[in-house]
Amino acid sequence: MDKQTAGTIIKQFGGNQFIAMTGAKNFVFCDVYMKFMLPKQAKDKINLIQVSITVMDTYDVEYFYMNNRTYDKTLVAKSENIYDDMLRGDFEAKTNLNTVL
């Protein structure tokens with residue numbers, strides 16, 4: 001995954017409004033996935049989101065709780081084969097955070 005692809009995924013979540021509304025921060029991308037952190041107000045203590053692109057051009061989204069002291073990650077929820085137009089709805093359902101005004 002390159003920088004342009006990661007930027008496209010952020011736009012599909014809602015772009016700058018998504019960042020402002022959710023408090024998303026610490027965006028990181030590598031060859032396989034991109035991830036970002038959320039503040040503490042998300043449902044089920046979800047504070048780390050990891051988005052991967054599949055071979056079929058769909059997304060796998062993993063929702064984690066990460067302990068900030070020990071850096072242990074616990075998988076809270078996972079969505080597979082999500083289309084780009086379904087990213088926002090899936091994110092809002094899993095985290096209970098609105099992505100746009």
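Five strands build an open sheet, ordered β1-β2-β3-β4-β5, with antiparallel pairing. Strands here are DSSP runs of type E with at least two residues, helices are runs of H or I with at least four, and both are numbered from the N terminus. Two strands pair if DSSP finds at least two bridges between them. The edge strands are β1 (25–29) and β5, and each pairs on one side only. Direction ignored, neighbouring strands of the sheet are turned by 15° against each other on average.

This is a predicted model: local features need pLDDT of at least 70, side-chain atom pairs count only at pLDDT 80 or more, and totals for chains, interfaces and linings use all residues. Residues are numbered from 1 along each chain as its sequence is written, and side-chain values use heavy atoms, with hydrogens and water left out.

**Strand pairs**

The table lists each pair with its bridges and one facing pair of residues.

| Pair | Bridges | Facing residues |
|---|---|---|
| β1 and β2 | three bridges | F29 opposite M34 |
| β2 and β3 | five bridges | F36 opposite I49 |
| β3 and β4 | six bridges | L48 with partner F64 |
| β4 and β5 | seven bridges | F64 opposite L75 |

Two links deserve a look. A hairpin of three residues joins β1 to β2.

Is T54 buried or exposed? T54 counts as buried, because its relative accessibility is 18%. The cut-offs are under 20% relative accessible area for buried, over 50% for exposed, and partly exposed in between, with a 1.4 Å probe and protein chains only. Leaving out residues up to four places away in sequence, T54 touches Y59, D60 and N81. Contact means heavy atoms within 4.5 Å.

Two packed helices are described by the angle between their axes and the distance between the axes. Helix α1 (residues 3–13) packs against α3 (residues 87–95) at about 65°, with the axes 8 Å apart. That makes α1 roughly perpendicular to α3. The classes are roughly parallel under 35 degrees, roughly antiparallel over 145, roughly perpendicular from 65 to 115, and oblique for the rest.

Which residues of α1 and α3 meet? I9, K11, Q12 and F13 in α1 meet L87, R88 and F91 in α3. By class, this contact has four nonpolar, one polar and two charged residues. Ala, Val, Leu, Ile, Met, Phe, Trp, Tyr, Cys and Pro count as nonpolar; Asp, Glu, Lys and Arg count as charged; the others, Gly among them, are polar.

**The core**

The largest nonpolar core has 22 residues. A nonpolar core is a set of buried Ala, Val, Leu, Ile, Met, Phe, Trp, Tyr and Cys residues joined through side-chain atoms within 4.5 Å. F36, L38, I49 and F91 have the most contacts inside this core. At least two core residues come from each of α1, β2 (33–37), β3 (48–53), β4 (59–66), β5 (73–82) and α3. The largest share, four residues, comes from α1.

Strand β3 is largely enclosed by the rest of the structure, because five of its six residues are buried. F36 touches residues including F13, F18, I49 and F91, not counting those up to four places away in sequence.

**After α3**

T99 lies in the segment after α3. T99 is buried, with a relative accessible area of 0%. Not counting residues up to four places away in sequence, T99 touches F13, Q17, F18, M21, T22, R88, F91 and E92. T99 and G89 are ten residues apart along the chain, and their C-alpha atoms are separated by 8.9 Å.

Methods:
Axes are lines fitted to C-alpha atoms, for helices over the stretch in contact, and angles run from 0 to 180 degrees between N-to-C directions.
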